[in-house]
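Q: Could you walk me through how to read a few features of a model, one at a time?

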Amino acid sequence: MSGSVSSFDFGYLLPLASEIQIGSLQLGKMSKDSSKTSETTRSNQSISDQEKDWAQSALAEFNRNNFQASYQFFKQLEASRPNDFKVVHNKAVVEYFKSDLKKTDQFKKNLLSAFNQFRISIDDLETLEDVEHCIIYYNYALLLYHMQQHQAALRLINKVFSFIEPMEESLAHRVCLLSVELHLRTNQLEKALSLISYIETQFVSTENAMKMIREKRIKPLDQAKPMVLDAATDALRLKLLQFRARFYLKTGLVKNCRKDLKSLYAGEKQHITTPVFLLANAEYVSGNFRKAVMILNTGIPVNSVPIQESGESLSTMVYNNLGCVYYCIGKPNLASTYFHKALLENNKGLKTFATPDAAEPLSGRALHTLGFNKASQVLYNLGVSLLHAGKPIPAFDCLTEAVQVYHMNPVLWLRLAEACIMAYKSDNRKDFDLAVKRNEIVSKIVGSGAHRKIVLNTQIFTDIKYSSEAQSYAIPVAGLEFGSLCLKNALFLTRNGGDAPNIVHLRCHILAASAYVCLCLGDSILALNHANSLLCQNSLSGAHKFLGHLYAAEALIILGQLPEAMDHLKLDYLNDLSLPSPPQKYEVPLKPPISWFPNNLTAAKNILQYNLAVALVIKGELEKSAEVLKSIWVTKSEQSEIPVQVIALALYVELMLGHADIARAIVKQSCNQFR
């Protein structure tokens, strides 16, 4: 907005099908003899035959999904061994399964109680030294993952991963999957790829699988036959293929993604929707939008899996992703329609779940459905599309809702600020449309005939709206005051982003918008600081360089520092203005959402020259200013209109120089009253 060519990055494609259930809660295995008990169970070392029978029966019933019977055996074990970590932990897990994974608040409370009982610190991860304790860390990290607390979950799982080699195999698989998923969710892509490669080498490769078979003393397969992985290892392989495909999508390596998708199509039998979503996403990233629409419309059986079972609404994701595609085609209104449909489907799905109790907000629905509600992602997308459709107030309302969840996303704060800017001024076309502005140059006409006099308008430009009323910047209203607060948040959140291309480009947008807003609010000093910061950025695009010098010059003129202002108004700064602004990393380049001028090199030159003429007038160098204004008038054409302020300034200069005839000629040529 603010006159800049904004690369409008479109937020989130929703999570793909079958990504939620990356792993299940794990039951810790009971020790078979006292020599294998951990430090936390040394107070009750001897394990009786009765206790062994109870433990074996509890595990057998658990594996049969007979959780009520398993729970009864664990109650007996807990009564006999109240200080045994595995008994306490496993009883909590079985009790949770007995509730169909619906009493999440109670399960979380039980896990925290176990942490406290056995003095296992969840905050100080350096105290994790016993591999047997990894199980409770994994389960708690999985709980945090489903609660959408990805950073907290990643902190725990990173520590657990350090024990991956001595860990029991089924738990190791689950830890690996959760670790990669969390790294992808938090956009730590290189770490995610390293993990995928490590896991494939350690758990999936044929050579390593044979080593594991030998270590477990299982008879090796016939050497003449190809190595066939067991079902669990093959499932891990397919999941890693999906992770790798998602990595390639996030990094724009679509060819590599398609290669992995072929393997996914060959291996996926039950959850075929996953590679279909990935394939549609690949076409979306490649810019093959029509093909992406075709895949989404024909390749996904929307009502194939019940919501209660899958924990996802496929129709919500299909409509959302169609909205993303239509947005990139340049149809924001059509995209908004699909986002509205996605919201309706999301709300429809929410109604199938029980209303949560205020005292236990996580309970009443299964664990894998806790992340079902995608309203925040869809509202963000809807807000962005409405912004491009020229509807800033509805866009602001949607983005305000989304910021409650994505308050750490600097792009969202920038979009909120842009909605405020658009609400303040939708475009600046009228300032360059002389057909509209001609009537505003002359305020009124007095007298008639030879005694007719004209009265010029003293305020053609009325967009500066300084407010004398005390207004809190923190009130979420679509005004420039709140917009300035949004830009401060956005700028703060990019400070630790380093010099990655997408972060640098985003920071340039934020600084340009910040300088514009400060000028509109009358804070010239802060506007100058933002403009200077913009000009100091690396890899500055031509458009941002132009805006930086323009805003800096305007601020300096207002501050009375005319020589410094004139240094920013040199035409040399236009040499690279024709270069397009670089798109954000792996983003489809898009046109700006609304029409802003200047829209060509000649118009940009005229604006710099006009500002130079203003500075010369203030310095008292009227003749030099007149020459500059004449050079602007010469370049006037249908493709490059001049701002109406040029005409008003020319009238003032010629009158001050005593050139009444020239002033009359300008009035007769430019004002509709004399046509």
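Here is the dialogue, from the whole chain down to single residues.

A: Gladly, and a word on the ground rules comes before anything else. This is a predicted model, in which local features need pLDDT of at least 70, side-chain atom pairs count only at pLDDT 80 or more, and totals for chains, interfaces and linings use all residues. Residues are numbered from 1 along each chain as its sequence is written, and side-chain values use heavy atoms, with hydrogens and water left out.

Q: How many helices and strands does the protein chain have?
A: Helices (H or I, at least four residues) and strands (E, at least two) are DSSP runs, numbered from the N terminus. The protein chain has 30 helices and two strands.

Q: What share of the residues counts as buried?
A: Buried means under 20% relative accessible area, exposed over 50%, and partly exposed in between (1.4 Å probe, protein chains only). Of the 675 residues in the protein chain, 51% are buried.

Q: Which residues have the most contacts inside the largest nonpolar core?
A: A nonpolar core is a set of buried Ala, Val, Leu, Ile, Met, Phe, Trp, Tyr and Cys residues joined through side-chain atoms within 4.5 Å. In the largest one, with 115 residues, they are Tyr516, Phe546, Leu629 and Leu649. Helix H23 (residues 501-521) gives this core its largest share, 13 residues. A second, separate core has 81 residues, including Tyr145, Leu154, Leu178 and Phe243.

Q: At what angle do helices H15 and H17 pack?
A: Two packed helices are described by the angle between their axes and the distance between the axes. Axes are lines fitted to C-alpha atoms, for helices over the stretch in contact, and angles run from 0 to 180 degrees between N-to-C directions. H15 (residues 314-329) and H17 (residues 375-388) pack at about 25 degrees, with their axes 11 Å apart. The two are therefore roughly parallel (angles under 35 degrees; over 145 is roughly antiparallel, 65 to 115 roughly perpendicular and the rest oblique).

Q: Which residues of H15 and H17 meet?
A: Asn320, Cys324 and Tyr327 in H15 meet Val378, Asn381, Val384 and His388 in H17, where contact means heavy atoms within 4.5 Å.

Q: Where is Asp100 found, and is Asp100 buried or exposed?
A: Most residues other than glycine have a negative phi. Asp100, not a glycine, has a positive phi of about 60 degrees. Asp100 is in the loop between helix H3 (85-98) and helix H4 (104-117), and is exposed, with a relative accessible area of 52%.
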